[in-house]
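The sequence and the model are shown first.

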Amino acid sequence: MKIKVIVTPKKGVLDPQGKAIQQTLNSMNFIDVDEVRQGKYFEIETNVKDENDAKKNVEDMCKKLLANLVIEDYKIL
Amino acid sequence: MKSSVIIFPGSNCDRDMDVALNKFGFKNKMVWHNDNTIPKSDLVVLPGGFSYGDYLRCGSIAAKSNIINSVIEFANKGGLVIGICNGFQILIETGLVTGALLRNKYLKFICKNIFVKANKSHNKYFNKIKKDILELHIAHNDGNYFCSEDDLKTMEDNDQIAVRYCDINGEISVNSNPNGSIQNIAGVFNKKKNILGMMPHPERVIDNCLSSNDGSFFFENLLSNMK
């Protein structure tokens with residue numbers, strides 16, 4: 001089973017890469033773009049059969065390694 | 001005094017640190033990250049570099065390596081632990097010091113000498129250094145120190161801000177902040193002040209032929225407090 005996770009910078013945490021992307025998009029005439037936040041996307045292949053159990057494991061992985069909860073939020077899709 | 005420098009795959013300041021520690025009188029041992037225990041030490045150093053290629057987040061993989069549990073145990077017993085640059089990032093990822101290190105504000109890798117003001121009160125790292133402003137070296141991509149307002153207040157109340165970026169005259173301002181760190185923070189202590197994490201490299205400036213000699217004061221002071 002594949003579990004997908006998105007990790008993004010927390011609201012209020014400076015995201016210099018997102019800011020640079022936003023400015024570049026604006027300079028390319030995508031003038032509607034007010035903000036970009038850049039994050040990470042993980043696909044985790046697990047051999048756990050039960051989806052709830054698998055997601056519980058992935059949640060533990062997020063807390064212990066995949067995200068730094070001081071600056072990042074995670075979302076299991 | 002005995003010291004240990006931990007080598008991770010991708011560490012590249014480990015030998016500089018070894019040279020510096022030996023120069024100032026430490027008996028230093030190099031310790032491989034895959035070992036389970038650190039040799040008997042009075043000081044443990046996590047050196048600079050790019051452990052595990054900075055994969056995932058700088059320091060995050062090294063913070064889960066075999067040796068780390070014994071470093072944490074050593075630190076929790078009050079042992080002196082220094083993390084420089086990538087070593088600071090590893091300390092952050094282990095949770096031994098508070099905060100996070102984000103990408104530099106202007107997205108540039110910064111490699112240059114900078115000036116810092118160190119906190120000299122009640123710590124073994126800077127307490128008797130005579131100079132008020134130290135010229136040290138930084139070389140990093142992710143040194144933009146961040147923590148929550150609550151954490152910042154707690155650290156300020158506990159006097160845990162170890163080093164701040166300043167200009168040559170000691171003024172701490174936006175203009176003397178190379179990477180966007182909140183409050184110009186270049187390094188922090190844990191609550192007990194036995195652990196120091198900082199981005200600047202004292203081991204790179206230990207001789208007048210190396211553009212600055214101010215790192216020498218750091219090592220001399222530390223050693224004098226350990227004898």
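In strand E3 of chain A, A:Tyr74 is the bridge partner of A:Val7. Strand E1 of chain A, residues 2-9, is joined to E3(A) by five bridges, and the two run antiparallel. Helices (DSSP runs of H or I, at least four residues) and strands (runs of E, at least two) are numbered from the N terminus. Two strands count as paired if DSSP finds at least two bridges between them.

This is a predicted model, in which local features need pLDDT of at least 70 and side-chain atom pairs count only at pLDDT 80 or more, while totals for chains, interfaces and linings use all residues. Residues are numbered from 1 along each chain as its sequence is written, and chains are lettered from A and ligands numbered from 1 in the order in which they are written.

The three strands of chain A form an open antiparallel sheet in the order E2-E1-E3. Strands E2 (40-45) and E3 (72-76) of chain A are at the edges with a single partner strand each, so one side of each has no neighbour in the sheet. From one strand to the next, the twist averages 20 degrees.

| Element of chain A | Residues |
|---|---|
| Strand E1 | 2-9 |
| Strand E2 | 40-45 |
| Helix H2 | 51-66 |
| Strand E3 | 72-76 |

Helix H2 of chain A lies across E1, E2 and E3 of that chain and runs at about 35 degrees to E1(A). Such angles run from 0 to 180 degrees between N-to-C directions, with axes fitted to C-alpha atoms, for helices over the stretch in contact. Contact means that the C-beta atoms of two residues, placed from the backbone, lie within 7 Å.

Along the sequence, chain A follows the pattern β-α-β-α-β. Its radius of gyration is 16 Å, well over the 11 Å that the globule rule gives for 77 residues, so chain A is more spread out than a compact globule. The radius is taken over C-alpha atoms, and the rule is 2.2 Å times the number of residues to the power 0.38. The C-alpha trace of chain A spans about 50 × 25 × 15 Å along its principal axes.

Of the 77 residues in chain A, 13% are buried. A residue is buried if 20 or more other C-beta atoms, placed from the backbone, lie within 10 Å of its own.

Definitions and conventions. Buried ≥ 20, exposed ≤ 12 C-beta atoms within 10 Å, placed from the backbone.
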